[in-house]
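Please look over the sequence and the structure shown below before reading on.

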Amino acid sequence: MRVLSAIQPTGAIHIGNYLGAIKQWIDLQEKNECIFFICDLHSITIPYDPKEFQKNILETAITYLAAGVNPEKSIFFVQSKVKEHTELCWLLGSVTPVGDLLRMTQYKEKSKQFKKNLDAGILNYPILMAADILLYKANAVPVGEDQAQHVELTRTIARKFNQRFGKTFNEPKTILPKMGARIMSLTNPKKKMSKSMGPQNYISLFDEPEEIEKKVMSAITDSGKEIKYNPVKKPGISNLLVIYSLFSGKPIKELENFFNGKSYSFFKKSLSELLINSLEPFRRKRKELLLRETYIKETLNIGAKRAETIAQSTMEEVKSKMGLV
Ligand code: ADP
Ligand code: TRP
């Protein structure tokens with residue numbers, strides 16, 4: 001199976017991002033041919049600071065390498081370094097219904113948010129994402145729930161292209177995480193853990209032990225004393241149980257039995273120790289990588305070259321089918 005996914009270069013990564021997205025990449029990498037990249041061209045569709053941009057891209061690359069993306073196994077690069085992404089995006093625009101773009105949930109949300117300066121990039125965002133996927137003829141795309149609609153549109157675009165120009169693309173499937181697709185905020189367990197809600201609501205992959213302990217101990221819990229999984233009545237404890245289960249590999253039932261009769265603070269202390277230990281390798285690898293900028297840049301360049309070989313071959317086929325030779 002050829003697996004492909006991408007992430008925007010947007011600052012800190014929290015355990016929600018890790019459990020909902022990155023962990024899947026790392027697991028899939030073991031048995032599949034994987035292509036992962038930093039989608040800088042998607043990020044420029046909303047306001048950003050060009051002066052900070054390269055720093056953020058590098059920081060994101062470090063995060064992914066520290067989290068376990070293995071550039072010897074997977075192709076890992078920066079999107080804008082392979083110009084075929086933008087080239088195919090333009091060509092696919094000619095088989096993409098505007099009506100489909102207008103009904104994308106992300107477009108509807110962003111067009112409200114940026115009502116005053118609404119640029120075409122926000123509308124065309126899913127065409128670029130389809131180009132990202134179809135350029136490599138990927139079979140499977142691991143993403144969070146919010147991006148599933150864009151992969152569905154990618155299938156529509158592939159179908160339309162094939163109908164018009166002859167069978168070229170397969171229709172990629174979405175891979176959603178089974179558990180951990182929605183880790184909730186520590187300060188408000190009814191909302192999802194998100195960068196936009198501030199550092200107290202999340203645990204970053206690189207938080208120091210003291211910060212982890214402070215955040216876990218002050219996480220919102222529910223009334224009552226029982227440590228039971230019940231997302232409706234006990235959203236706070238249930239979220240912490242999910243996090244505990246995913247990091248320890250132990251089923252929730254086993255945790256409920258183990259913590260039966262114990263206090264919330266005993267449970268939280270144990271969770272914070274688990275997180276401090278589980279995240280230690282990430283902190284250590286990140287510190288090592290921060291000193292190896294040249295290695296990271298070389299790794300990304302090699303990745304871009306490998307990606308380019310596949311991308312160029314698809315472009316030749318696409319252009320020839322479209323009568324562009
Ligand atoms: P954020 O809301 O923190 O800005 P992004 O929108 O950058 O996160 O999402 C990056 C990836 O992480 C996406 O694949 C998304 O589905 C996943 N993700 C984000 N928040 C969570 C969460 N709380 N639980 C699980 N997965 C999440
Ligand atoms: N749009 C995705 C997000 O915001 C990122 C992305 C860009 C992507 N290109 C992709 C994901 C191709 C999967 C496949 O999370």
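## Basis of the description

This is a predicted model, in which local features need pLDDT of at least 70, side-chain atom pairs count only at pLDDT 80 or more, and totals for chains, interfaces and linings use all residues. Residues are numbered from 1 along each chain as its sequence is written, chains are lettered from A and ligands numbered from 1 in the order in which they are written, and side-chain values use heavy atoms, with hydrogens and water left out.

## Around ligand 1

There are 16 residues around ligand 1, of which His-14, Ile-183, Lys-192, Met-193 and Lys-195 come nearest; a residue is near a molecule or strand if one of its heavy atoms lies within 4 Å of it. Sorted by class, this shell has five nonpolar, seven polar and four charged residues, where Ala, Val, Leu, Ile, Met, Phe, Trp, Tyr, Cys and Pro count as nonpolar, Asp, Glu, Lys and Arg as charged, and the others, Gly among them, as polar. Helix α1 (residues 15–29) supplies the largest share of the shell, four residues; helices (H or I, at least four residues) and strands (E, at least two) are DSSP runs, numbered from the N terminus.

Several polar contacts can be listed here, a polar contact being a pair of N or O atoms within 3.5 Å, while within protein one must be able to donate a hydrogen and the other to accept it, and residues adjacent in sequence count only if both atoms are side-chain atoms. A nitrogen atom of ligand 1 lies 3.1 Å from a polar backbone atom of Gly-16, and a nitrogen atom of ligand 1 is 3.0 Å from a backbone N or O atom of Met-193. An oxygen atom of ligand 1 is 3.1 Å from an N or O atom in the side chain of Asp-146. On its own, ligand 1 has 540 Å² of accessible area, and the protein covers 81% of this; accessible areas come from the Shrake-Rupley method with a 1.4 Å probe, and for residues only the protein chains shown count as cover.

## Around ligand 2

The shell around ligand 2 holds 13 residues, and those that come nearest are Gln-8, Tyr-125, Met-129, Asp-132 and Gln-147. By class, eight of the shell residues are nonpolar, four are polar and one is charged.

A nitrogen atom of ligand 2 lies 2.7 Å from an N or O atom in the side chain of Tyr-125, and a polar side-chain atom of Asp-132 is 2.7 Å from a nitrogen atom of ligand 2. Gln-8 places a polar side-chain atom 3.3 Å from an oxygen atom of ligand 2. Taken alone, ligand 2 exposes 370 Å², and the protein buries 90% of that. The elements giving two or more residues to this shell are β1 (2–7) and α7 (120–135), and α7 gives the most, with four residues.

Helix α11 (residues 252–259) has Ile-252, Leu-255, Glu-256 and Phe-259 as its buried residues, where buried means under 20% relative accessible area, exposed over 50%, and partly exposed in between (1.4 Å probe, protein chains only). Seen down the axis of α11, these residues fall within an arc of 100°, so they line one face of the helix; the arc is that of the directions from the helix axis to the C-beta atoms. The face turned away from the buried side carries the exposed residues Lys-253, Asn-257 and Phe-258. Among what covers the buried residues of α11 are α10 (235–248) and α12 (264–290), and just after α11, Gly-261 takes a positive phi of about 85°.

Ser-270 has its place in helix α12 and, at 17% relative accessibility, counts as buried. Its side chain is joined to that of Tyr-244 by a polar contact of 2.7 Å. Leaving aside neighbours within four places in sequence, Ser-270 is in contact (heavy atoms within 4.5 Å) with Tyr-244 and Phe-259.

## Residues in loops

Val-143 lies in the loop between β4 (140–142) and α8 (148–165), and at 9% relative accessibility Val-143 counts as buried. Val-143 and Gln-24 are 119 residues apart in sequence and 8.8 Å apart in space, C-alpha to C-alpha.

Lys-137, in the loop between α7 and β4, has a positive phi of about 45° although it is not a glycine.
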